[in-house]
Amino acid sequence: MAEVVKMPKMSDTMTEGVIAKWHKKVGDKVNAGDLIAEVETDKATMDFESYQEGTLLYIGPKEGEAVPVNAVIAVLGEEGEDYQALLDGGSATKEEAPAAEEAKEEAAPAASESTVTAEDLGCTVITMPLLSDTMKEGVIAQWNFKVGDTIKSDDAIADVETDKATMEVTAYAEGTLLYIGVEAGQAAKVNDIIAIVGPAGTDVTPLLNQVKSAPKTESKQEEKAPESAAPAAASSAVSSSDDSRIKASPLARKIAKEKGVNLSEIKGSADGGRIVKRDVENYLATAKAAPAAAASAEAPKAETTTISLPTYVGEEKYTETGISQMRKTIARRLSESLFTAPHFYLTVTVDMDNAIAARAQINEYAPVKVSFNDMVIKAVAVALKKHPAVNSSWQGDKIRFNEHTNIGVAMAVEDGLLVPVVRFADGKSLSHISAEVKEFAARAKAKKLTPADWEGSTFTVSNLGMFGIDEFTSIINSPDGAILSVGAIQQVPVVKNGAVVPGNIMKLTLGCDHRVIDGATGAQFLQTLKGLLEAPIRLLA
């Protein structure tokens, strides 16, 4: 009897999967344990094994298509068995099935004449993959191959800039690169076609024409046509081709292209001479300075004889830049957090004299330099163990109390903010935490963090003390129930034993989700945290 094969739930956050590759085709025999497909989830590409036996009668989604969890993706049964009732949800009767099959056979010739699939051409369509749980679209940072090159299944054909990092896209197909649909620097939505791989010389025009028949794509093609006809656009294309081997960020390339600037004339200030946004802006500002200075030098000569009072003529101007994937996600997620979770804030002042002395002694023996932020992370983790209500999150119809302490550490990067997670921080030494945070910082700056690095936090620490900020409030990093804002250590007069003496204080502000944390609960947590930092020997006990 025929059985359906459904998209499995391969991770706790997975809502849909993309069929990266089919290892079986219709008509093949399948045994229990056989690998039938590769499924790209929200976290990784994983092998999908069959738990059923029989002949593969039906394949639903094509390679590159996304399918919701528990949706039917295939049917297994006996060769020649009628499975249509399973696809219709069991609504078709035995008498209706032959009629439906006859109608299907009659419609097949007409459909085959008007519809061409990738399988018909022996090609594989590569779509923009879902590389993180928050990704909606990706920007092609660079192509590693060009049309006509030979591709292997494990080749990384392109680098894609997501909302959190720049990651590689693997082909999962072998053959010749026949088509590239998105140029470097351009964005494509998840599951949009970005390339086609197949036998050399294959004409993929019929396949592309079907895609271009959609209104959205037609308008895009119409916009491209006049651009290609304009001389200015032609010269811009040549410039882009010449600049393709120069190290530059996608945003810098985009601005340079819009302003008609050749990247070879710009000196990069980032690692390895890489050109970033500020380099292009500085170049444009310098280019405009010379004519402006000449104009201002000539103006007084013409006006001194007729005007007795000095005049100043200003120029109203502004600069606009495209929104990066990371900035889009930051805007969306923080808006959702602020307007969904009712925030309230509690602030406490901590005497840091003992912490300063303890840190100096620790760094005499520690293998890596321990920072005050490392001490805060450790203290927060220990305090959360004593106040599990603060280590919680709102789940809609229930509250989750986390028994583990995974501390997210907010880090500023060039395009926005990343929050890698120090896992089980309460059980790690200060040196361990320090080394881990330093490694995260280096990888974040190089855009080498992976989704596994920033997922799973139960509480977040945001520190702006190094920028001289005395006190501030932060928006909660959902789904966490709270976030701690850490200010700078200030030298101020304090009262000790009835006398005014110099002291070092630091302000901590706890932002709470009032749905899960009450004011008294947050206050008790801050008192425990204050006590740990004012007597840091307790962190080592």
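In which helix is the place of Ala381?

Figure 1. The structure shown in every view is a predicted model. The place of Ala381 is in helix α11. The residue is buried, because its relative accessible area is 0%, and buried means under 20%. Leaving out residues up to four places away in sequence, Ala381 touches Thr405, Ile407, Ala425 and Asp426. Asn406 is 25 residues from Ala381 in sequence, while the two C-alpha atoms are 7.8 Å apart in space.

**Figure 2. The packing of helices α11 and α12.** Two packed helices are described by the angle between their axes and by the distance between those axes. Helix α11 covers residues 372–386, and its axis lies 9 Å from that of α12, at an angle of about 115 degrees. The crossing of α11 and α12 is right-handed. On the α11 side, the contact is made by Asp374, Met375, Ile377 and Lys378. On the α12 side, Leu430, Ile433, Ser434, Val437 and Lys438 take part.

**Figure 3. Thr528 in helix α14.** Helix α14 spans residues 519–534 and contains Thr528. Is Thr528 buried or exposed? Thr528 counts as buried because its relative accessibility is 16%, and the limit for a buried residue is under 20%. Apart from neighbours within four places in sequence, the contacts of Thr528 are Ala383, Lys386 and His387.

Figure 4. Strands of a sheet pair through backbone hydrogen bonds, in either a parallel or an antiparallel sense. The sheet in this view is open, and its six strands follow the order β17-β26-β25-β24-β20-β23 with mixed pairing. Its edge strands are β17 (343–351) and β23 (421–422), each of which pairs on one side only. Within the sheet, β24 and β25 are paired in the parallel sense over four bridges.

Figure 5. Most residues other than glycine have a negative phi, and most peptide bonds are trans. The peptide bond that joins Ser478 and Pro479 is cis, with omega at about 5 degrees. Pro479 is found in the loop that runs between β24 (459–463) and β25 (482–496). Asn497 is not a glycine, yet its phi is positive, at about 55 degrees. This residue lies in the loop between β25 and β26 (499–513). Asn497 counts as exposed because its relative accessibility is 85%, and exposed means over 50%. Lys447, also not a glycine, has a positive phi of about 60 degrees. The loop between α12 (430–445) and α13 (451–454) holds Lys447.

**Figure 6. Strand β2 and its two partners.** Strand β2 comprises residues 16–22 and is mostly covered, with five of its seven residues buried. With strand β7 (residues 66–68), β2 forms three bridges in an antiparallel arrangement. In this pairing Gly17 stands opposite Val67 of β7. With strand β4 (residues 35–40), β2 is likewise antiparallel and is joined by four bridges. Here Val18 has Glu40, in β4, as its bridge partner.

**Figure 7. Strand β14 between β11 and β16.** Strand β14 (residues 175–180) is joined to strand β11 (residues 150–151) by two bridges, and the two run antiparallel. Thr150 stands opposite Thr176 in β14. The pairing of β14 with strand β16 (residues 193–198) is also antiparallel and extends over four bridges. In that pairing, Ile180 stands opposite Ala195 in β16.

**Figure 8. Confidence along the chain.** The average pLDDT of the chain is 82, and 83% of the residues score at least 70. Residues 90–113 form a stretch where pLDDT stays under 50, and the model gives this stretch eight contacts beyond four places in sequence. Over residues 216–241 pLDDT also stays under 50, with ten contacts beyond four places in sequence.

Methods:
Residues are numbered from 1 along each chain as its sequence is written. This is a predicted model: local features need pLDDT of at least 70, side-chain atom pairs count only at pLDDT 80 or more; totals for chains, interfaces and linings use all residues. Side-chain values use heavy atoms; hydrogens and water are left out. Buried means under 20% relative accessible area, exposed over 50%, partly exposed in between (1.4 Å probe, protein chains only). Two strands pair if DSSP finds at least two bridges between them. pLDDT is the predictor's confidence in each residue, from 0 to 100. Contact means heavy atoms within 4.5 Å. Axes are lines fitted to C-alpha atoms, for helices over the stretch in contact, and angles run from 0 to 180 degrees between N-to-C directions. A crossing is left-handed if the near helix is turned anticlockwise from the far one by less than a right angle, and right-handed if clockwise.
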